[in-house]
Each structure stands twice: as structure tokens, then as C-alpha cells.
Amino acid sequence: MVGTLFSVIMIYLVAYPLSQKSMPARSFFSIFFIVTMYFGGGLIPTYLVVKDTGLIGNMWSLFLPGGVAVGNMIIVRNYIENSIPRELMEAAQIDGASHLRVFWNIIIPLSRPIMAVMVVFSMVAYWNDWFTPMIYLTSEQASLPLVLSNILIKSSVSTAQASTISGGYAEMNKLTEMLKFSSMVVAAVPMLVFYPFVQKYFEKGFMAGAVKG
């Protein structure tokens, strides 16, 4: 939940300024973020940066390195540009509203559909991420996806293991499959419970935030 909240906040803080055509160097910053979608430093440089900033073994190591999901940010930026009347924002500014007030009182309330999309996207991404915790967290701090992944790996059937169980390989394979399906249910239940509450916003926001040509 912390990662989802942090990610959505960062997406909006970047998307809103980039949606304003009056922003200085708007094209430069847009290209700057888009480049990061195609080019990255790689695992080792990223690990060294996280290590040098003292985030190894810290919960924030899961969120800060990828705080701005550029693909999601572009969707939100397109939504603000194409679905929220610019005249409404200009009228508020003429009445003396600052950019912060416009953002809080106009952009946030009118962008709830796309916000629901971002919440679902971010929540699913963090919930299914087992690789990042494996790299940056200690064994005592393992997240649930990482724990489930380790259970699946350790439950793999080997000939030596099968020989120690009554029923042999068939019985061991049955136990392994039960563990796999149980892990899948545990991983899916939170999303299945949460999604119905945002479904109507999700469908509307996803279509409205799509790239328009």
C-alpha cells in the first residue's frame, strides 16, 4: 500500500506539470523521462546506487529507484490534456488560484477514473514483484511474493525427495501441485477483493487516458 501511494503521488507530480504547455523546457523533460523507458543503468549500477544511499535492507529500496512509472505517467498526462477542459484551469488561474490549488481542487477531483487505473496498475506491480525484494532486502524482511516464490522453488520434486515419501514421486508431485495452487490463490485474493470497488473507474479511466491521435 505504501508503494502504491508513493507511486501514484509521484506520477501525478510529474504528469501535471508536463501537461501544461506553458511549462518551460516541457519538451526536454518529456524526452528525458521517455528515454528512461528504453535505456537504464542495469542491475549492478542500480544496486550500487541503492547501496551507497544506505537503502539496502530498507523498505524504501522497493519504491524509490522506480518511483515514477513513465508509462503510467504518460497515460495520466494524456488524460489531463485531453479529458480536463483547459478553460476550467485557466478560469481558476484568472480568479487567482495557484498551480497547487488548481492541482488539488480541479485536477485531482476530475481525474479519479485515471487515478483508479494507476492505483490498480501500481498495486498489481508491487504485489507481484518478488525480484526487487530478493535483491535489496534481507531474508528476515522478505515480502509475501518472495516468500511464495521461495516456497515454489523449495517444493520442486526431486528423485531423492520422492524416495523418502510413501507413494513415491506421484505423491510428492501431488503435494507440490497443491502448494503451487495454494500460492496462486493467496497471491490473487487481494486483487480480486480490491478490483470490484474500482472497476467502473478503471474501465472509464483506461479508455480516456489512452493515447489519442
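Let me start with Val 8, which counts as buried because its relative accessibility is 8%, below the 20% cut-off for that label. Keep in mind that this is a predicted model. Val 8 sits in helix α1. Setting aside residues up to four places away in sequence, Val 8 touches Met 115, Met 118, Val 119 and Ser 122. Phe 121 is 113 residues from Val 8 in sequence, yet the C-alpha atoms of the two are 9.6 Å apart in space.

Gln 20 lies between α1, residues 2-18, and α2, residues 26-38. Is Gln 20 buried or exposed? Gln 20 is buried, because its relative accessibility is 7% and the label applies under 20%. Beyond its neighbours within four places in sequence, Gln 20 is in contact with Arg 26, Arg 86 and Met 89.

Arg 26 takes us to the helix packing. Two packed helices are described by an angle between their axes and a distance between the axes. For α2 and helix α4, residues 70-83, the angle is about 145 degrees and the axes are 9 Å apart. On the α2 side, the contact is made by Arg 26, Ser 30, Phe 33, Ile 34, Thr 36 and Met 37. From α4 come Val 70, Gly 71, Met 73, Ile 74, Arg 77 and Glu 81. What kinds of residues make up this contact of α2 with α4? There are 6 nonpolar, 3 polar and 3 charged.

Now the charges. Side chains of opposite charge can pair when their charged atoms come close. How many salt bridges does a search of the whole structure find? It finds 1. The partners are Arg 26 and Glu 81, with their closest N and O atoms 2.3 Å apart. This pair links distant parts of the chain, since Arg 26 is in helix α2 and Glu 81 in helix α4, 55 residues apart. Glu 81 counts as partly exposed because its relative accessible area is 24%, and that label covers values between 20% and 50%.

Last, the empty space. Rolling a probe the size of a water molecule over the atoms shows where such space is left. The largest pocket holds about 510 Å³. Its lining has 23 residues, and Leu 62, Phe 63, Pro 65, Gly 66 and Thr 132 lie nearest the centre. The elements giving two or more residues to this lining are α3 (43-52), α7 (112-128) and α8 (131-136). By type, the lining divides into 12 nonpolar, 10 polar and 1 charged.

Note on methods:
Residues numbered from 1 in each chain as written. Predicted model: local features only at pLDDT ≥ 70, side-chain atom pairs only at ≥ 80, totals over all residues. Heavy atoms only, no water. Helix = DSSP H or I, 4+ residues; strand = E, 2+ residues; numbered from the N terminus. Buried < 20%, exposed > 50% of the residue type's maximum accessible area, 1.4 Å probe, protein only. Contact = heavy atoms within 4.5 Å. Axes fitted to C-alpha atoms, helices over the stretch in contact; angles between N-to-C directions. Nonpolar A, V, L, I, M, F, W, Y, C, P; charged D, E, K, R; others polar. 1 Å grid on protein atoms, 1.4 Å probe; cavity = no way out; pocket = protein on both sides within 12 Å on 5 of 7 lines; lining within 4 Å. Points joined across faces, edges and corners; volume = space filled by probe spheres on them. Salt bridge = Lys/Arg side-chain N within 4 Å of Asp/Glu carboxyl O.
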